[in-house]
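Hello,

Here is the structure we talked about handing over. Notes on what was found in it follow below.

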Amino acid sequence: MALLEASNLSISFGGLRAVDDFSIKIDEGELYGLIGPNGAGKTTVFNLLTGVYNPDEGIIKLGGRDITRHDPVHKNQDGIARTFQNIRLYSGLSVIDNVKVGLHNQYHYSTVASIFHLGSYRRVEKETDERARELLKVFKMEEEADVQSKNLPYGKQRKLEIARALATNPKLLLLDEPAAGMNPNETAELMETISFIRKEFKMTVLLIEHDMKLVSGICEKLTVLNFGRMLAEGETKEVLQNPEVVKAYLGE
(Lines give C-alpha, C1' and ligand atoms only; values in the text may rest on other atoms or scores of the structure.)
Protein backbone atom coordinates (compact mmCIF):
# COMPACT_ATOMS: atom_id res chain seq x y z
CA MET A 1 0.00 0.00 0.00
CA ALA A 2 1.28 3.49 -0.89
CA LEU A 3 1.82 5.94 1.96
CA LEU A 4 0.26 8.76 -0.10
CA GLU A 5 -2.20 8.19 -2.89
CA ALA A 6 -3.92 11.17 -4.48
CA SER A 7 -6.34 10.39 -7.30
CA ASN A 8 -7.82 12.73 -9.94
CA LEU A 9 -7.41 15.96 -7.96
CA SER A 10 -8.85 19.06 -9.62
CA ILE A 11 -9.49 22.61 -8.46
CA SER A 12 -10.59 25.80 -10.21
CA PHE A 13 -10.33 29.44 -9.15
CA GLY A 14 -12.94 31.40 -11.04
CA GLY A 15 -12.59 30.25 -14.62
CA LEU A 16 -9.01 29.01 -14.18
CA ARG A 17 -8.41 25.27 -13.84
CA ALA A 18 -5.33 25.47 -11.60
CA VAL A 19 -4.95 21.70 -11.16
CA ASP A 20 -6.65 19.28 -13.54
CA ASP A 21 -6.92 15.51 -12.92
CA PHE A 22 -3.71 15.20 -10.90
CA SER A 23 -2.76 11.82 -9.44
CA ILE A 24 0.31 10.68 -7.53
CA LYS A 25 1.34 7.57 -5.62
CA ILE A 26 4.27 7.66 -3.21
CA ASP A 27 5.52 4.59 -1.37
CA GLU A 28 6.78 4.70 2.19
CA GLY A 29 10.42 5.81 2.38
CA GLU A 30 10.45 7.25 -1.13
CA LEU A 31 12.06 10.57 -2.08
CA TYR A 32 9.79 11.96 -4.80
CA GLY A 33 10.02 15.17 -6.81
CA LEU A 34 7.26 17.38 -8.21
CA ILE A 35 8.62 19.69 -10.90
CA GLY A 36 7.38 22.00 -13.62
CA PRO A 37 7.68 25.56 -14.94
CA ASN A 38 6.58 28.54 -12.86
CA GLY A 39 2.80 28.66 -12.58
CA ALA A 40 2.38 24.97 -13.37
CA GLY A 41 0.30 24.35 -10.22
CA LYS A 42 2.89 22.69 -7.97
CA THR A 43 2.25 24.73 -4.83
CA THR A 44 -1.51 24.41 -5.43
CA VAL A 45 -1.02 20.63 -5.28
CA PHE A 46 0.79 21.06 -1.94
CA ASN A 47 -2.09 23.22 -0.71
CA LEU A 48 -4.55 20.49 -1.67
CA LEU A 49 -2.50 17.79 0.05
CA THR A 50 -2.19 19.83 3.25
CA GLY A 51 -5.80 21.03 3.48
CA VAL A 52 -5.30 24.70 2.62
CA TYR A 53 -7.70 24.05 -0.26
CA ASN A 54 -10.34 21.36 -0.67
CA PRO A 55 -10.35 19.81 -4.15
CA ASP A 56 -13.36 20.23 -6.41
CA GLU A 57 -12.83 16.61 -7.39
CA GLY A 58 -10.59 13.74 -6.33
CA ILE A 59 -9.49 11.80 -3.26
CA ILE A 60 -6.42 11.98 -1.00
CA LYS A 61 -5.45 8.94 1.05
CA LEU A 62 -2.65 8.65 3.61
CA GLY A 63 -1.83 5.11 4.64
CA GLY A 64 -5.05 3.97 2.95
CA ARG A 65 -7.25 6.37 4.96
CA ASP A 66 -9.30 9.05 3.23
CA ILE A 67 -8.15 12.48 4.49
CA THR A 68 -9.43 14.53 1.54
CA ARG A 69 -11.56 16.98 3.52
CA HIS A 70 -9.36 17.31 6.62
CA ASP A 71 -8.27 20.86 7.45
CA PRO A 72 -4.56 21.79 7.80
CA VAL A 73 -4.48 21.10 11.56
CA HIS A 74 -5.93 17.63 11.14
CA LYS A 75 -3.76 16.92 8.08
CA ASN A 76 -0.75 17.64 10.27
CA GLN A 77 -2.11 15.37 12.98
CA ASP A 78 -2.67 12.72 10.28
CA GLY A 79 1.06 12.89 9.57
CA ILE A 80 1.72 15.47 6.84
CA ALA A 81 4.11 18.37 7.48
CA ARG A 82 5.36 21.00 5.06
CA THR A 83 7.65 23.94 4.48
CA PHE A 84 6.75 26.95 2.36
CA GLN A 85 8.07 28.58 -0.78
CA ASN A 86 8.36 31.82 1.20
CA ILE A 87 9.89 31.08 4.60
CA ARG A 88 7.34 31.30 7.43
CA LEU A 89 9.12 31.40 10.76
CA TYR A 90 8.17 33.14 14.01
CA SER A 91 10.78 35.83 13.45
CA GLY A 92 10.59 37.25 16.97
CA LEU A 93 11.10 33.86 18.64
CA SER A 94 14.40 32.11 19.23
CA VAL A 95 15.54 29.24 17.05
CA ILE A 96 14.74 26.66 19.73
CA ASP A 97 11.29 28.13 20.41
CA ASN A 98 10.45 27.86 16.70
CA VAL A 99 11.22 24.14 16.90
CA LYS A 100 9.23 23.77 20.12
CA VAL A 101 6.16 25.15 18.32
CA GLY A 102 6.31 22.07 16.11
CA LEU A 103 6.21 19.79 19.16
CA HIS A 104 2.78 20.99 20.28
CA ASN A 105 1.01 17.80 19.13
CA GLN A 106 3.16 15.55 21.30
CA TYR A 107 3.53 17.29 24.65
CA HIS A 108 0.71 18.62 26.83
CA TYR A 109 0.08 20.16 30.25
CA SER A 110 -2.86 21.94 31.80
CA THR A 111 -3.38 25.70 32.00
CA VAL A 112 -3.15 25.50 35.80
CA ALA A 113 0.16 23.64 35.57
CA SER A 114 1.56 26.32 33.26
CA ILE A 115 0.39 29.21 35.46
CA PHE A 116 1.85 27.78 38.66
CA HIS A 117 4.81 25.97 37.04
CA LEU A 118 3.76 22.66 38.54
CA GLY A 119 5.81 19.49 38.17
CA SER A 120 4.02 18.37 35.00
CA TYR A 121 4.79 21.73 33.37
CA ARG A 122 8.48 21.59 34.32
CA ARG A 123 8.78 17.99 33.13
CA VAL A 124 7.17 18.68 29.75
CA GLU A 125 9.23 21.83 29.24
CA LYS A 126 12.41 19.87 29.96
CA GLU A 127 11.42 17.12 27.52
CA THR A 128 10.50 19.56 24.73
CA ASP A 129 13.75 21.48 25.24
CA GLU A 130 15.78 18.27 24.95
CA ARG A 131 13.89 17.09 21.87
CA ALA A 132 14.21 20.48 20.17
CA ARG A 133 17.97 20.52 20.78
CA GLU A 134 18.26 17.01 19.33
CA LEU A 135 16.58 18.22 16.14
CA LEU A 136 18.82 21.28 15.95
CA LYS A 137 21.86 19.00 16.18
CA VAL A 138 20.68 17.18 13.06
CA PHE A 139 20.96 20.49 11.22
CA LYS A 140 24.15 21.55 13.01
CA MET A 141 22.34 24.53 14.52
CA GLU A 142 22.60 23.79 18.22
CA GLU A 143 24.93 26.77 18.68
CA GLU A 144 22.20 29.12 17.39
CA ALA A 145 19.49 27.76 19.70
CA ASP A 146 19.00 31.08 21.53
CA VAL A 147 19.39 33.35 18.48
CA GLN A 148 16.26 35.09 17.17
CA SER A 149 15.26 33.33 13.98
CA LYS A 150 15.13 36.60 12.01
CA ASN A 151 18.86 37.03 12.63
CA LEU A 152 19.82 33.73 10.99
CA PRO A 153 21.40 33.64 7.53
CA TYR A 154 18.92 32.73 4.79
CA GLY A 155 20.18 29.17 4.38
CA LYS A 156 19.83 28.45 8.08
CA GLN A 157 16.31 29.90 8.14
CA ARG A 158 15.43 27.30 5.48
CA LYS A 159 16.91 24.54 7.63
CA LEU A 160 15.07 25.79 10.72
CA GLU A 161 11.77 25.60 8.86
CA ILE A 162 12.50 21.96 7.96
CA ALA A 163 13.46 21.23 11.58
CA ARG A 164 10.16 22.70 12.79
CA ALA A 165 8.23 20.56 10.29
CA LEU A 166 10.06 17.44 11.49
CA ALA A 167 9.19 18.34 15.09
CA THR A 168 5.54 17.52 14.31
CA ASN A 169 6.64 13.88 13.84
CA PRO A 170 5.26 13.49 10.30
CA LYS A 171 4.99 10.42 8.11
CA LEU A 172 5.26 12.55 4.97
CA LEU A 173 7.38 15.70 4.64
CA LEU A 174 6.53 18.18 1.86
CA LEU A 175 9.32 20.59 0.93
CA ASP A 176 8.33 23.55 -1.25
CA GLU A 177 11.45 24.78 -3.08
CA PRO A 178 13.84 24.20 -0.15
CA ALA A 179 16.89 25.35 -2.17
CA ALA A 180 15.33 28.64 -3.29
CA GLY A 181 17.76 31.50 -2.67
CA MET A 182 20.62 29.23 -1.61
CA ASN A 183 24.13 29.43 -3.03
CA PRO A 184 25.74 26.27 -4.51
CA ASN A 185 27.48 25.34 -1.25
CA GLU A 186 24.27 25.70 0.74
CA THR A 187 22.38 23.66 -1.86
CA ALA A 188 24.96 20.86 -1.72
CA GLU A 189 24.69 20.82 2.08
CA LEU A 190 20.88 20.78 1.82
CA MET A 191 21.03 17.74 -0.46
CA GLU A 192 23.06 15.90 2.16
CA THR A 193 20.65 17.01 4.88
CA ILE A 194 17.55 15.80 3.01
CA SER A 195 19.19 12.44 2.30
CA PHE A 196 20.19 12.17 5.97
CA ILE A 197 16.65 13.02 7.13
CA ARG A 198 15.19 10.36 4.91
CA LYS A 199 17.57 7.72 6.25
CA GLU A 200 17.72 8.78 9.91
CA PHE A 201 13.99 9.47 10.35
CA LYS A 202 12.83 6.83 7.83
CA MET A 203 11.01 9.75 6.24
CA THR A 204 8.97 9.86 3.04
CA VAL A 205 9.66 13.11 1.20
CA LEU A 206 7.88 14.95 -1.60
CA LEU A 207 9.65 18.06 -2.81
CA ILE A 208 9.07 20.86 -5.29
CA GLU A 209 12.30 22.17 -6.72
CA HIS A 210 13.66 24.09 -9.72
CA ASP A 211 17.30 23.16 -9.12
CA MET A 212 17.66 20.22 -11.49
CA LYS A 213 21.03 19.26 -10.02
CA LEU A 214 19.36 18.76 -6.65
CA VAL A 215 16.38 16.96 -8.20
CA SER A 216 18.49 14.56 -10.25
CA GLY A 217 20.84 14.03 -7.31
CA ILE A 218 18.33 12.85 -4.71
CA CYS A 219 14.90 12.13 -6.24
CA GLU A 220 14.09 8.57 -7.31
CA LYS A 221 10.88 9.44 -9.14
CA LEU A 222 9.34 12.59 -10.60
CA THR A 223 6.00 13.93 -11.68
CA VAL A 224 6.04 16.91 -14.05
CA LEU A 225 3.21 19.45 -14.09
CA ASN A 226 2.52 21.90 -16.90
CA PHE A 227 -0.47 24.27 -16.93
CA GLY A 228 -2.02 22.27 -14.08
CA ARG A 229 -1.90 18.94 -15.88
CA MET A 230 0.46 15.99 -15.55
CA LEU A 231 3.00 16.00 -18.36
CA ALA A 232 5.15 13.04 -17.35
CA GLU A 233 5.91 10.73 -14.43
CA GLY A 234 8.33 7.93 -13.67
CA GLU A 235 12.00 7.32 -12.90
CA THR A 236 13.94 10.58 -12.57
CA LYS A 237 16.48 9.98 -15.34
CA GLU A 238 13.83 8.97 -17.87
CA VAL A 239 11.55 11.90 -17.02
CA LEU A 240 14.32 14.48 -17.33
CA GLN A 241 15.17 13.14 -20.79
CA ASN A 242 11.56 13.24 -21.96
CA PRO A 243 11.37 15.61 -24.97
CA GLU A 244 8.02 17.05 -23.77
CA VAL A 245 9.56 17.87 -20.38
CA VAL A 246 12.58 19.53 -22.01
CA LYS A 247 10.22 21.52 -24.23
CA ALA A 248 8.11 22.66 -21.26
CA TYR A 249 11.18 24.00 -19.48
CA LEU A 250 13.17 25.37 -22.42
CA GLY A 251 10.51 26.07 -25.07
CA GLU A 252 10.78 25.14 -28.72
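At 33% relative accessibility, Gln 106 counts as partly exposed, since the partly exposed class runs between the buried limit of under 20% and the exposed limit of over 50%. Please note that the model is a predicted one. Gln 106 sits in the loop that links helix 3 (95-101) with helix 4 (111-116). Leaving out residues up to four places away in sequence, Gln 106 touches Ala 167, Thr 168 and Asn 169. Phe 84 is 22 residues from Gln 106 along the chain, and the C-alpha atoms of the two are separated by 22 Å.

One of the residues touched by Gln 106 is Asn 169, which belongs to the loop between helix 6 (154-167) and strand 7 (172-176). Its relative accessible area is 54%, so Asn 169 is exposed. Asn 169 is not a glycine, yet its phi is positive, at about 60°.

Asn 8 is also not a glycine and has a positive phi, of about 55°. Asn 8 is placed in strand 1 (residues 4-13). Asn 8 counts as partly exposed because its relative accessibility is 40%.

**The whole chain**

The protein has 10 helices and 10 strands. For 252 residues, a compact globule would have a radius of gyration near 18 Å, and the 19 Å of the protein therefore agrees with that. Along the principal axes, the C-alpha atoms fill a box of roughly 65 × 40 × 35 Å.

Of the 252 residues, 46% are buried. The accessible surface comes to about 12,500 Å², and carbon and sulfur atoms account for 49% of that area. When contacts between residues at least 6 apart in sequence are taken, 66% of them join residues at least 24 apart. On the charge side, there are 31 positive and 36 negative side chains, with the centres of the two sets 3 Å apart.

Which strands make up the open sheet, and in what order? Four strands form it in the order 2-1-4-5, with antiparallel pairing. Strand 2 (16-26) and strand 5 (65-66) are the edge strands, each pairing on one side only.

Strand 1 and strand 2 run antiparallel and are joined by seven bridges. One of the bridge pairs is Ser 12 with Arg 17, the latter in strand 2. The two strands form a hairpin with two residues between them, and Gly 14 in the turn has a positive phi of about 65°.

Leu 62 stands opposite Arg 65, which is in strand 5.

**A second hairpin**

Strand 9 (residues 221-226) and strand 10 (residues 229-235) are antiparallel, with six bridges between them. Lys 221 faces Glu 235 of strand 10 in this pairing. Here too two residues separate the strands of the hairpin, and Phe 227 in the turn has a positive phi of about 50°.

**Helix 1**

How many of the eight residues of helix 1 are buried? Seven of the eight are, so helix 1 (residues 42-49) is largely enclosed by the rest of the structure. The buried residues are Lys 42, Thr 44, Val 45, Phe 46, Asn 47, Leu 48 and Leu 49. The list includes Lys 42 and Asn 47 as well as Val 45 and Phe 46. After helix 1 comes Gly 51, with a positive phi near 90°.

**Phe 196**

Phe 196 lies in helix 7 (residues 184-200). Is Phe 196 buried, exposed or partly exposed? Its relative accessibility is 38%, so Phe 196 counts as partly exposed. Setting aside neighbours within four places in sequence, Phe 196 is in contact with Val 138 and Phe 201. Val 138 is 58 residues from Phe 196 in sequence, and the C-alpha to C-alpha distance between the two is 8.7 Å.

Regards

Notes: Residues numbered from 1 in each chain as written. Predicted model: local features only at pLDDT ≥ 70, side-chain atom pairs only at ≥ 80, totals over all residues. Heavy atoms only, no water. Rg over C-alpha atoms; globule rule 2.2 N^0.38 Å. Buried < 20%, exposed > 50% of the residue type's maximum accessible area, 1.4 Å probe, protein only. Contact = heavy atoms within 4.5 Å. Areas by Shrake-Rupley, 256 points an atom, 1.4 Å probe, with all protein chains shown as cover. Lys, Arg positive; Asp, Glu negative; His and termini not counted. Charge placed at Lys NZ, Arg CZ, Asp CG, Glu CD. Pairing = 2+ DSSP bridges.
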